[in-house]
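Okay, thanks for coming, everyone.

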Amino acid sequence: MNPRTAPAATVSGAPAAAIPTAVAVALLAALTAALVLTIRYDGYFTDPVHVFWWYTACWALFAAALCALRRVPAGLVLPLVLAGAVAVTVTGLAAPPRTSTDSYRYAWDGRVQSAGVSPYDHAPQDPALSRLRDPWLFPTGAACEGPDLTAVPHTGSAPHCTRINRPAVRTLYPPVAEAYFLAVDRLSPGGARHRPLQTGAALTSLGVGAVLLVVLRRRRGDLRQAAYWAWCPAVPVEAVNNAHADVLGVLFAVCGLGLVAARSTGRRVAGGLFIGAAVATKLIPALVLPGALSGVLSGAPSGGASGGTSGGASGAPDGGASLVRRRVCDAAAVLLPAAAFTALSYLPYVLLSHGSVFGYLGGYVEEEGYDDPSAGSRYAVLRLALPDNWALPVPAAVLAGVCLYVMRRGDPRRPWSGALLVTGWAFVLLTPGYSWYALLLVALVAMDGRWEWLGVALAGAAVYVLGPAFGYGAAPARVAYGAAAVLVLAVTAMRRRRAAGRDAGARSAAGSG
């Protein structure tokens with residue numbers, strides 16, 4: 001064999017494949033190291049700007065690693081994504097929760113349920129539950145010094161406090177989340193503190209990555225998209241370190257959308273059950289429902305065996321009626337199981353509780369300013385151009401229009417695409433101040449591949465981390481979410497321009513032929 005012909009491709013090809021792989025591995029290692037340093041730095045209450053710069057470094061390394069992954073040979077993508085998922089996820093276990101105290105409420109709610117008490121009946125500082133307190137969640141004396149601790153009523157001279165936020169109000173978490181807290185408490189060894197919730201969240205995060213890979217493989221998609229979730233800094237920070245229950249809702253939502261895409265009635269029903277479980281974990285996954293109903297208002301058949309029959313029958317006198325019935329069945333196969341699961345999941349707590357099972361939910365909505373557009377950083381982008389009294393009806397009208405568009409023009413084979421559109425614009429319009437809400441958005445980006453929506457997740461992190469430094473005003477939200485919206489619009493316009501160019505080239509080639 002001539003060494004100047006065939007072997008040349010092999011000799012030069014090996015380094016050509018090895019170099020981008022090595023670059024991706026190096027960037028992934030740098031991202032992992034930066035995440036460890038970020039999570040171990042306890043400066044959210046004392047130096048939020050410094051924390052933000054650490055976040056910025058992690059997101060920059062994340063973007064660079066994704067770019068390098070594009071040049072990695074296809075055969076190495078799966079093992080690299082899996083190895084990176086484990087490495088990035090584990091970094092969240094490097095320290096106790098740093099930027100959120102929600103997991104302490106989770107631990108308390110699990111403990112209360114293990115004692116046979118409904119978490120919806122009593123606030124943490126209620127004296128009726130004082131027998132369940134321990135020094136970890138309810139320190140006393142000198143241990144009460146710290147910005148993340150809240151004083152509680154007590155007798156005696158020594159101060160009493162708790163790590164639980166809002167200790168004077170009852171819980172607001174839906175029933176599936178409460179069942180999860182109970183399961184973690186029952187499975188936890190004594191004195192484990194925050195570790196069980198972080199470990200459960202880490203396993204759930206890896207489960208989300210596994211489901212994403214399964215869906216992408218079945219749809220013959222690019223497995224590189226799974227790295228949008230598996231390597232994203234929001235996952236180890238919010239899902240693992242802060243142990244937010246949102247990650248469990250994300251797992252259910254991703255499973256539900258993957259089943260709905262199969263388009264058979266049985267799988268649509270199963271998908272509806274999973275989406276119902278997601279809504280009963282955290283209410284935010286209700287935003288994926290319009291995506292799960294993609295195309296139900298269109299005139300085209302939904303596909304599959306029955307879909308093909310409907311399409312053939314459309315030319316018959318009763319074809320229109322058959323198509324309408326099919327559309328109604330498609331919608332009912334998702335909506336009814338989702339609604340039934342959500343309602344039935346509340347039933348055990350309704351029987352156990354003496355008060356409302358919605359707890360502090362109404363107070364939380366009011367506290368966060370969603371019913372008062374003039375307060376805080378809600379609707380920050382819209383309030384740049386609209387008067388405050390328009391900030392409630394305009395987002396409602398825009399979101400309704402987006403939902404109708406998805407249900408009429410969305411692709412039923414890709415329900416996550418419509419879900420991403422609805423969820424992304426909901427975030428841009430409402431400008432939420434909690435960065436962990438965007439975990440759902442990150443997973444939908446991984447399913448759909450439109451990376452530009454990750455800017456919305458980064459905007460949420462910037463608003464949350466910089467909130468203390470700017471007095472929780474609207475300025476950070478306007479800048480961060482406004483920039484994210486501009487990025488989405490610019491990249492979307494670029495995609496459409498390229499698609500139009502390809503279509504024009506194809507028509508020109510067909511005409512020449």
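**Loops, a helix, a patch and a pocket**

Let's start in the loop between helix H8 (234–241) and helix H9 (246–260), which is where you'll find Ala243. Bear in mind that this is a predicted model. Ala243 has a phi near 55°, a positive value in a residue other than glycine. For background, most residues other than glycine have a negative phi.

Arg193 is not a glycine either, and its phi is positive, about 60°. Arg193 belongs to the loop between helix H5 (175–187) and H6. Then go to the other end of that helix: just after H6, Arg220 takes a positive phi of about 55°.

So what about H6 itself? Helix H6 covers residues 195–218, 24 residues in total. From first C-alpha to last, H6 reaches 35 Å, close to the 34 Å expected at 1.5 Å a residue.

Which residues make the nonpolar surface patch of about 330 Å²? They're Val86, Val90, Leu203 and Leu206. Leu203 sits in helix H6, and both H6 and helix H3 (74–90) supply at least two residues of the patch.

Next, charges. Side chains of opposite charge can pair when their charged atoms come close. The salt bridge count here is 10. One of them joins the side chains of Asp42 and Arg98, at 3.4 Å, N to O. That pair links distant parts of the chain, with the two residues 56 apart. Asp42 is in the loop between helix H1 (6–40) and helix H2 (48–69), while Arg98 is in the loop between H3 and helix H4 (102–114).

Where does the lining come from? Helix H15 (393–409), helix H16 (415–430) and helix H19 (475–512) each supply at least two residues. Which helix gives the most to that lining? That's H19, with 10 residues. By class, the lining of this pocket has 12 nonpolar, six polar and 11 charged residues.

That's my tour. Happy to go back to any of these on the screen.

Conventions. Residues numbered from 1 in each chain as written. Predicted model: local features only at pLDDT ≥ 70, side-chain atom pairs only at ≥ 80, totals over all residues. Heavy atoms only, no water. Helix = DSSP H or I, 4+ residues; strand = E, 2+ residues; numbered from the N terminus. Expected span 1.5 Å × (residues − 1). Nonpolar A, V, L, I, M, F, W, Y, C, P; charged D, E, K, R; others polar. Patch = residues over 30% accessible without salt bridge, like charges linked within 9 Å, V, L, I, M, F, W, Y side chains within 5 Å. Areas by Shrake-Rupley, 256 points an atom, 1.4 Å probe, with all protein chains shown as cover. Salt bridge = Lys/Arg side-chain N within 4 Å of Asp/Glu carboxyl O.
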